[in-house]
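Dear colleague,

I am passing on the structure we discussed, and I would be glad if you could look through it alongside the notes that follow.

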Amino acid sequence: MKPLLASACMASLTLAFPARAQQSDATDSLGSVSSENSFGRDRNVSVLERPRPDYTPEPLEFGSIEVMPRIAIGAGYDDNLYAQRTDRIGDGYVRIRPRISITRPSPNLRLSLNGELDLLRYFDRASENATQYNFDGHALYTISRDTSLSLAASHGRYSQERVSPDSPTNSVRPTLFTITDGSATLSHTFNRLRLRGVIDIENRDYRDGRTPTDTVVDQDFRDHTTVTATGISEYALNPSIALFLAGSYNARDYRTRIGPVPARDSTGFELAAGSSFELGRMMRGSLRLGYLQQNYKDPTFRNISGLLVRGEVAYFMTPLITVTGTIDRSVSETGILGATGYLKTTTTLRADYELLRNLILGASAELEKRDFQNLDRKDDRWTLRASASYLMSKRIALRGDFQRRSQSSTGALPGREFIDNRISVGVTFSGL
């Protein structure tokens, strides 16, 4: 895969899970539609994918091993730390994110290990400080020209943002939780037909909080393990268009509950059909439509079902401007007592502009709609973001970031409504 502007900022170890929300600022990485796909559609590249040899960090080489150290250092200000509608409290912060990547490149067996520490420290509100980390490993074994096996594992500790709908408002500190994940992907290509199977196992463990009077804020009811099996069959009609069928089955197993709220054990599935495509040199993407359903074991919980929509499209307006749109509709777990979960629909529009070879500007708008089940509540959240990345050299990159988040909520039991602004600047040092 072409480098995703790696020298501009610290690479994030995100797995796109709903509750793993982290503070967004100038130490985060960027993303875009990748040109890496089943059928080599790369007649155009996005602004963020474009190779920049003069500004791409070079790893340290120790025989067949490549080592890439990085550290991102940033500072910023958040004007509404506790996501309140009134009585807003703001504070400045510093953030330090060292990361190291160790890779063994090989045409047959590629191995990689990554580790990242994320230290967030506020000037006055020490209760909001967070120490997060993540370790992950990946192995890609090319069995033959047409067959490959990919194995991945990760473990990390995270601090849930106050703006999350699942964050308890009576806890004096943000909720801490760990995620341990492992997956295996087997791919095989028969001429124009590509088959892929994925098994993923994820475990989440939440730590109890404390109120100002030292009363326990129970979070154990959120602990669960999710096993997901996915199969995808993709057929290329021609080099530019492929059709695919995709299906998945999941089982979500919660810790046994003793008390008024039963465990949210459930099983679910997704079925969808779609297409991946490249339309000349102007557009590339993937879209799917289908049906999703999540069935809960306890009869007091209402099942969730509905339309599945998922896709990402990149429009190459000019060689220097890339516009990317995404949409995703899925069933998410929640930490709100009384709710089964929620049906989440997220749409995003992003534009990236290469003003100079080493100066990239970005702007995005995201709308996330949450429809809670077993609870009369609907949330709408807007996230507006603007950023600038300036690549000084192979080793140094500067970045500025502004983010504005707002939430509105309706229903008999609505959630919080707030507006939160965060501004930050940062510098990333790569290599030695």
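The lining of the second largest pocket is made up of 8 nonpolar, 7 polar and 5 charged residues, where Ala, Val, Leu, Ile, Met, Phe, Trp, Tyr, Cys and Pro count as nonpolar, Asp, Glu, Lys and Arg as charged, and the others, Gly among them, as polar. This pocket holds about 360 Å³ of space, and of its 20 lining residues the closest to its centre are Ser167, Pro168, Gly335, Ile336 and Leu337. A pocket here is an open set of points on a 1 Å grid over the protein atoms alone, where a 1.4 Å probe fits, with protein on both sides within 12 Å along at least five of seven lines, and lining residues have an atom within 4 Å of a point; the grid points are joined across faces, edges and corners, and the volume is the space filled by probe spheres set on them.

Please keep in mind that this is a predicted model, in which local features need pLDDT of at least 70 and side-chain atom pairs count only at pLDDT 80 or more, while totals for chains, interfaces and linings use all residues. Residues are numbered from 1 along each chain as its sequence is written, and side-chain values use heavy atoms, with hydrogens and water left out.

The mean pLDDT (the predictor's confidence in each residue, from 0 to 100) of the protein chain is 88, and 89% of its residues reach 70 or more.

The whole structure contains 31 salt bridges, each defined as a side-chain nitrogen of Lys or Arg within 4 Å of a carboxyl oxygen of Asp or Glu. One of them joins arginine 252 to glutamate 333 at 2.5 Å, N to O; arginine 252 lies in strand β12 (residues 241-254) and glutamate 333 in the loop between β16 (321-332) and β17 (342-356), so the pair ties together parts that are 81 residues apart in sequence. Strands are DSSP runs (E, at least two residues), numbered from the N terminus. Arginine 252 is buried at 14% relative accessible area, and glutamate 333 is also buried, at 14%, where buried means under 20%, exposed over 50% and partly exposed in between (1.4 Å probe, protein chains only).

Arginine 377 and aspartate 379 form another salt bridge, at 2.7 Å, N to O, with arginine 377 buried at 9% and aspartate 379 buried at 0%.

Best regards

Definitions and conventions:
Helices (H or I, at least four residues) and strands (E, at least two) are DSSP runs, numbered from the N terminus.
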